[in-house]
Amino acid sequence: MDYKPLKSRKNRRFSIVVTVSFLIFITWIFLAADKMFALYTGILSIPVIFLMVFETSKTGWRYRVDNEGVVINRTFRKYHIYFSDIDSVREISRSQAGKLVNKAGNSGSKSGSDLNKRINLGRLIGYCSVPVAGSSVKDIYESSNGARVYNDRFVLLSRTNGKQYILSPADSSGFVRECKSIMSEIR
């Protein structure tokens with residue numbers, strides 16, 4: 001079954017601001033500079049703007065649970081996590097998600113390698129469609145039907161190798177229920 005992701009209103013605003021800024025920039029270059037330069041700049045910039053807008057607006061994102069595992073569709077890529085590799089799937093609160101993010105951001109080797117911290121943090125939140133913040137931050141998200149909601153629930157997927165991922169389906173309880181149902185049939 002497919003599950004739509006939560007989408008942040010901030011991401012939508014960012015996409016609009018980037019697009020409008022790009023149009024203003026190209027218009028200014030066209031009026032103030034050489035017209036051929038403006039034309040080349042516009043043509044070369046369009047793919048970059050296109051990629052930024054699609055990725056920040058989370059176009060194409062979808063979580064799917066099938067008989068083999070969880071499939072995470074991102075804008076330009078698809079990831080499979082098979083049930084044989086999944087240890088547990090559970091709902092977590094916003095504050096728990098914030099604590100996990102803080103822990104991942106502060107982990108790493110004893111030397112405090114920034115690269116290790118970034119890898120741990122990126123792995124944890126890389127499949128989440130909205131920013132993960134602590135319980136003191138109230139961020140407005142849009143559910144799958146476009147209504148404004150305060151999201152308090154995320155999904156924590158733990159793999160058998162110890163890696164964890166925070167997911168953000170709009171129906172987190174249904175997602176967890178379906179995963180647990182299929183996992184119980186397989187095991």
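Predicted model: local features only at pLDDT ≥ 70, side-chain atom pairs only at ≥ 80, totals over all residues.
Local features required pLDDT of at least 70 and side-chain atom pairs pLDDT 80 or more, whereas totals for chains, interfaces and linings use all residues. Residues are numbered from 1 along each chain as its sequence is written, and side-chain values use heavy atoms, with hydrogens and water left out.

A nonpolar core is a set of buried Ala, Val, Leu, Ile, Met, Phe, Trp, Tyr and Cys residues joined through side-chain atoms within 4.5 Å; buried means under 20% relative accessible area, exposed over 50% and partly exposed in between (1.4 Å probe, protein chains only). The largest such core holds 21 residues, of which Val-89, Leu-167 and Phe-175 touch the most other members. Elements that each supply at least two residues include strand S3 (62-65), strand S6 (86-93) and helix H5 (172-186); helices (H or I, at least four residues) and strands (E, at least two) are DSSP runs, numbered from the N terminus. Helix H5 contributes the most, with five residues. Apart from this core lies another of 13 residues, among them Ile-92 and Phe-154.

Rings of Phe, Tyr and Trp (its six-membered ring) pair if their centres lie within 6.5 Å; planes under 30 degrees apart count as stacked, over 60 as edge-to-face and the rest as tilted. Tyr-3 and Phe-175 are edge-to-face, at 5.4 Å centre to centre and 80° between the planes. Because Tyr-3 lies in strand S1 (residues 2-3) and Phe-175 in helix H5, this pair ties together parts 172 residues apart in sequence. Tyr-63 and Phe-175 are also edge-to-face, at 6.2 Å and 70°.
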